[in-house]
Amino acid sequence: MNTSDNEDIYEINYVSRLFDRMSKTYGITNYISSFGFTERWRKQCVNEINWSLELKQGYDLMSGMGESWHLILNRSKVKITGVDISPEMNRKAREHLIKNVEWEVEIREENILNNKIASESADFIVSTFGLKTFSKNQLRELAKETTRILRKGGQIAMIEISVPRNIILKIPYMFYLKIVIPIIGKIFQGDSNAYKMLGIYCEKFQNCESFKKELEHQGLNVEMKSYFFGCATGIIGYK
Ligand SMILES: C[S@@+](CC[C@H](N)C(=O)[O-])C[C@H]1O[C@@H](n2cnc3c(N)ncnc32)[C@H](O)[C@@H]1O
């Protein structure tokens with residue numbers, strides 16, 4: 001897979017194939033290359049939901065291999081619908097479910113920007129590391145879909161790796177994302193191109209600020225949160 005400038009890196013088939021390719025090693029590379037930070041950030045994101053309220057049905061958007069499901073189900077025995085476009089990530093997610101038969105999880109293999117999810121069906125929506133592969137226009141559409149799916153009073157918590165504002169942190173962090181992680185990816189997969197893309201997407205995404213504005217534009221009450229000096233940012237709030 002080449003990463004030349006004229007390739008549309010936001011085109012849905014491109015994104016889906018990218019994650020299909022990464023699925024073989026995504027879990028281990030992600031955990032090792034982040035020194036466990038991604039797992040900690042997922043937990044922090046899930047903990048932003050107010051679990052003391054009565055919640056029955058939630059959505060995990062861009063759910064990947066279901067990395068956040070144990071964290072959600074540790075907090076509450078809710079029904080989760082995972083939504084992901086990548087057949088290979090979903091295949092891994094189904095393997096995960098076979099080992100956890102008591103979990104009530106449905107997987108929808110859909111493009112979230114063109115989905116058939118019922119309106120106002122979500123008590124909560126979470127998403128961990130699934131925002132960076134959306135262009136600015138796609139983030140606007142994602143904000144519309146998120147708002148449509150949430151019921152009134154429904155909660156949202158999302159998180160994404162981001163470019164820290166502090167230059168002293170930004171330079172080594174971006175070097176790590178763009179240079180070191182592809183090398184780690186290569187060690188596990190023998191192909192660093194797919195992992196190189198994560199740094200490229202992150203640099204274009206920057207942080208959750210513009211997505212927050214899109215959600216506000218749709219009428220959601222949201223705020224942006226910063227995690228570990230802005231190395232990740234997130235959105236929390238409700239409809
Ligand atoms: C970086 S992974 C995150 C996976 C998981 N949530 C985690 O915490 O590691 C991003 C996921 O978003 C999915 N994705 C990207 N664009 C999507 C879209 N338009 N609709 C549904 N899923 C999408 C990809 O297939 C991939 O599995």
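In what follows, Ala, Val, Leu, Ile, Met, Phe, Trp, Tyr, Cys and Pro count as nonpolar, Asp, Glu, Lys and Arg as charged, and the others, Gly among them, as polar. The model is a predicted one, in which local features need pLDDT of at least 70, side-chain atom pairs count only at pLDDT 80 or more, and totals for chains, interfaces and linings use all residues. Residues are numbered from 1 along each chain as its sequence is written.

The shell around the ligand divides into ten nonpolar, nine polar and three charged residues. Altogether 22 residues surround the ligand, the closest being Phe19, Met62, Gly64, Ser86 and Thr128; a residue is near a molecule if its C-beta atom, placed from the backbone, lies within 6 Å of it. Helix H1 (residues 12–22) supplies the largest share of this shell, four residues. Helices (H or I, at least four residues) and strands (E, at least two) are DSSP runs, numbered from the N terminus.

Seven strands form an open sheet of mixed pairing, in the order E3-E2-E1-E4-E5-E7-E6; two strands pair if DSSP finds at least two bridges between them. Strand E3 (105–108) and strand E6 (221–227) stand at the edges with a single partner strand each, so one side of each is left without a neighbour in the sheet. Strands E5 (residues 150–161) and E7 (residues 232–238) run antiparallel and are joined by seven bridges. Within E7, Ile236 stands opposite Ala157.

Ile125 is in contact (C-beta atoms, placed from the backbone, within 7 Å) with residues including Gly58, Tyr59 and Ile156, leaving aside its neighbours within four places in sequence.

Conventions: Contact = placed C-beta atoms within 7 Å.
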